[in-house]
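This briefing describes selected features of a structure for computational work. Please read it alongside the sequence and coordinates shown below.

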Amino acid sequence: MPLALPDLQAALADHVAGHDRAELLASVVGDSIPAAARLRVHRNHVLHSLGTALAATFPTVQALVGDEFFRGMARTFAAHDLPTQPVLSEYGAGFSRFVGGYTPARGLPYLADIARLDWALNVAFHSPTEPRLASADLASIQVEQLPTKLVSLAPGAAVLRSIYPIERIWATAQSPASHETVDLNSGAARLLVLRRANDAGFVCLSEGEASFCPPTAFAGLCCGAIGRWSTFRKTPMIGGILRPGFCCAARQESERRHQRTCGTADRPYTPRALKVRLSL
Amino acid sequence: MSPIAGIGLRAPHLAEIARERPATAFLEIHAENYLSPTQAAETIERLRADYVFSMHAVGLSLGSAAGIDDAHLDRVAGLVKRLQPAYVSDHLSWSVAGGRYFNDLLPLPYTEEALDVVVRNVQRLQDRLGRQVSIENPSCYLGFTHSTMSEPEFLSEVARRSGCGLLLDVNNIHVTAHNLRLDARDWLTLSPDAVTQYHLAGHAANDADGEPILIDDHGSRVGDAVWTLFEEVVRRFGARPTLIEWDTDIPALSVLLDEAQRADRALSAAGDHAARAA
C-alpha cells in the first residue's frame with residue numbers, strides 16, 4: 001500500500017533531516033542507483049545548502065573556526081533546528097545558543113557571543129530604513145511636548161553585552177591575514193548594533209549607556225519618563241544613544257497610551273520597564 | 001528578432017547592473033531574497049524603471065499536502081504588488097512539511113492525489129495574486145514506485161485544470177531524463193499553448209554508489225546536450241522568454257550576458273527554421 005501524500009512527505013522530511021525512514025525505500029524506484037543513494041542526494045543538498053545559508057549569516061563565526069569546522073557545526077545544528085519558513089536570511093535565531101553548547105567548540109568560550117553579534121548584524125541589515133533623527137530633529141523637539149513624546153531606536157537595533165572583548169575579536173576576524181592577538185580578559189563589551197546606510201554595524205557603549213538602552217530591537221525611549229528635555233539631551237549615559245542616525249522620529253502618543261507605557265506622577269515609570277515595551 | 005533571453009540577478013552583480021544598466025530582455029529574481037527591506041530590495045525597485053522583471057519563487061511549496069503557508073504567501077503577494085513583475089513562477093515540488101522548511105525542491109509522486117493538491121495550491125496562488133503563474137518542471141533524482149503518470153502528463157493536467165502556464169527548464173529535463181532513465185523527448189509532447197517560459201542552466205555530474213548522477217547546481221555554462229535539447233524545444237514550442245540561471249560559483253556578469261546572447265541566437269535560428277517549415 002503506497003504511502004498517502006501527507007505520510008510520504010512527513011517521512012521524506014524526517015529522512016532528509018537525518019532520521020532514516022526505512023519505509024521510504026519501498027516507495028522510491030531503485031536501479032543501478034539504489035533508492036537509498038537517491039534519497040541521500042536530497043539529504044546532502046538540504047544540509048549543505050542550509051550550512052551555506054548559515055555561513056552567510058554568521059561570517060565571523062566561520063572566519064574564526066574555519067570552513068570545515070563551521071560546516072560540521074552548521075550541519076549538526078540544521079539537522080535539529082530546520083527553518084520554519086523559506087526566507088533563509090531569517091534562519092539561525094537559535095544558532096548562537098547551539099554554539100554555546102557545542103562541545104567541540106568549548107575551547108572558544110566567546111564563540112557564542114560572536115554568533116550573537118553576527119545574528120544581530122544580520123537582523124539589523126534586514127530591517128527597514130525608516131527616516132532617522134538628525135541633530136536638528138533632536139533639537140527641534142519642544143519641552144512642552146516631552147510628556148507625550150517617544151524616541152525609538154532604529155528598527156532592528158539591539159544592545160549586546162559580553163564578558164569578552166567581542167568587538168576586538170570581530171575586528172580581528174575581518175582581516176584573515178592579521179596576526180593580532182586579543183586578550184580575552186581585556187574587558188567586557190557593550191555594543192549597540194544597528195543598520196547603517198549600506199550595511200549594519202555597531203558602536204561601543206559605556207556601561208551607563210548600555211544600562212539605559214533598551215536591550216531589544218524596537219524598544220522605545222520615552223522622553224517624558226526621563227525628565228526635562230534639556231536634562232535628557234545632556235545626560236551623559238545616553239549620549240552614545242542619541243546620536244544622529246541612531247533613532248527614529250519621535251511620535252505623538254495618546255495620553256492614555258503614554259500613561260500606560262511611561263507611568264504617571266503617582267506611579268512613575270522606571271527605565272527598566274522599557275525592556276518589555278514595543279515600539280510605536 | 002528582439003532579444004528575449006534574460007539573466008538571473010544575483011547579489012554579486014547587483015551594483016554593476018545598477019551602475020552599468022546592461023542590455024538584457026529581463027532580470028529574474030528569487031522572491032525569497034527580496035522580502036526584507038534591505039538596500040538590495042530598494043535597488044531592485046529603482047531598477048524597475050529600466051528593466052522587465054521575472055519573479056521566481058522557490059519556497060511556496062506548491063506540492064505540500066498541507067497547503068501553502070499563509071504568511072509566506074502574503075509576503076510574496078506583497079512583493080508582486082510592489083514590483084509588478086512581467087512573469088511569476090515557482091516549481092512543481094514541495095519544501096514544507098510539519099512546519100519545517102527544507103531548502104530543496106523535493107519530488108512528488110505523480111498520482112491523482114498529488115495532482116489534486118498541486119492544482120488546489122496553484123489555484124490558490126493565482127487567486128491571491130490575481131494573475132496567471134507558471135510552474136517549472138523540477139530536476140529529479142528519484143521517482144516513486146506508485147506514480148501513475150509521467151511528469152509531462154502530470155504537468156499537462158496541472159496546466160489544464162488550474163490554467164497556469166508551464167515554465168520548461170530545459171536543463172531540468174536533461175537532468176531528470178538522465179537520472180530517471182527517461183527520454184527527454186517525452187516533454188516535447190506538452191501542449192505549446194501551455195508553455196510560457198524557458199530556463200537554461202549548467203549542471204554537474206556526481207557519483208552515487210558508483211553511478212553518475214547529474215546535479216542541477218546552476219554552477220557552470222549550459223552544457224552542449226542541453227543546448228541541443230533547447231533547439232528541439234524551441235522548434236517544437238516556439239520562442240519564449242528564456243532565462244540563464246547561475247547560482248553557485250557565480251562568474252562575471254559578462255559570462256551571463258554571453259550565455260543569454262547564445263540563447264537568443266538559438267531562439268532566432270529556431271524561429272527561422274519554423275518559418276521555413278511553414
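The model is predicted. Chain A is divided into domain 1, residues 1–108, and domain 2, residues 110–280. Two non-glycine residues of chain B, Asp209(B) and His218(B), have positive phi values.

**Domain contact in chain A**

- Contact between the two domains of chain A involves 16 residues of domain 1 and 14 residues of domain 2.
- On the side of domain 1 that touches domain 2, helix H3 (59–65) and helix H5 (95–100) of chain A each supply at least two residues.
- H3(A) gives the most to this side of domain 1, with five residues.
- Sorted by class, this side of domain 1 has ten nonpolar residues, six polar residues and no charged residues.

**Helix H2 of chain A**

- Helix H2 of chain A covers residues 35–57, and its 23 residues should span 33 Å at 1.5 Å a residue; the end C-alpha atoms are 34 Å apart, which agrees.
- Buried residues of H2(A) include Arg38(A), Leu39(A), His45(A), Val46(A) and Leu47(A). Leu50(A), Gly51(A), Leu54(A) and Thr57(A) are also buried in this helix.
- The cover over the buried residues of H2(A) includes helix H1 (5–16), helix H4 (67–80), H5 and helix H6 (111–125) of chain A. Chain B contributes to that cover as well, with strand E6 (100–106) and strand E10 (204–208) among the elements included.

**The three-stranded sheet of chain A**

- Three strands of chain A form an open sheet in the order E2-E3-E4, with antiparallel pairing.
- Strand E2 (158–162) and strand E4 (200–204) of chain A stand at the edges with a single partner strand each, so one side of each has no neighbour in the sheet.
- Neighbouring strands of the sheet are turned by 30° against each other on average, direction ignored.
- Strand E3 (residues 189–195) of chain A pairs with E4(A) over five bridges in the antiparallel sense, and Leu191(A) stands opposite Cys204(A) in E4(A).
- Helix H8 (residues 166–173) of chain A packs on the sheet and touches E2, E3 and E4 of chain A; the direction of H8 makes about 60° with that of E3(A).

**Positive phi in chain B**

- Asp209(B) has phi near 50° and is found in the loop between E10 and strand E11 (211–215) of chain B. With 13 other C-beta atoms within 10 Å, Asp209(B) is partly exposed.
- His218(B) has phi of about 50° and is found in the loop between E11 and helix H7 (224–237) of chain B. His218(B) is buried, with 22 other C-beta atoms within 10 Å.

Conventions:
Residues are numbered from 1 along each chain as its sequence is written. Chains are lettered from A and ligands numbered from 1 in the order in which they are written. This is a predicted model: local features need pLDDT of at least 70, side-chain atom pairs count only at pLDDT 80 or more; totals for chains, interfaces and linings use all residues. Domain bounds come from an automatic or database domain assignment. Two residues are in contact if their C-beta atoms, placed from the backbone, lie within 7 Å. Helices (H or I, at least four residues) and strands (E, at least two) are DSSP runs, numbered from the N terminus. Ala, Val, Leu, Ile, Met, Phe, Trp, Tyr, Cys and Pro count as nonpolar, Asp, Glu, Lys and Arg as charged, and the others, Gly among them, as polar. The expected span of a helix is 1.5 Å times one less than its number of residues. A residue is buried if 20 or more other C-beta atoms lie within 10 Å of its own, exposed if 12 or fewer, and partly exposed in between; C-beta atoms are placed from the backbone. Two strands pair if DSSP finds at least two bridges between them. Axes are lines fitted to C-alpha atoms, for helices over the stretch in contact, and angles run from 0 to 180 degrees between N-to-C directions.
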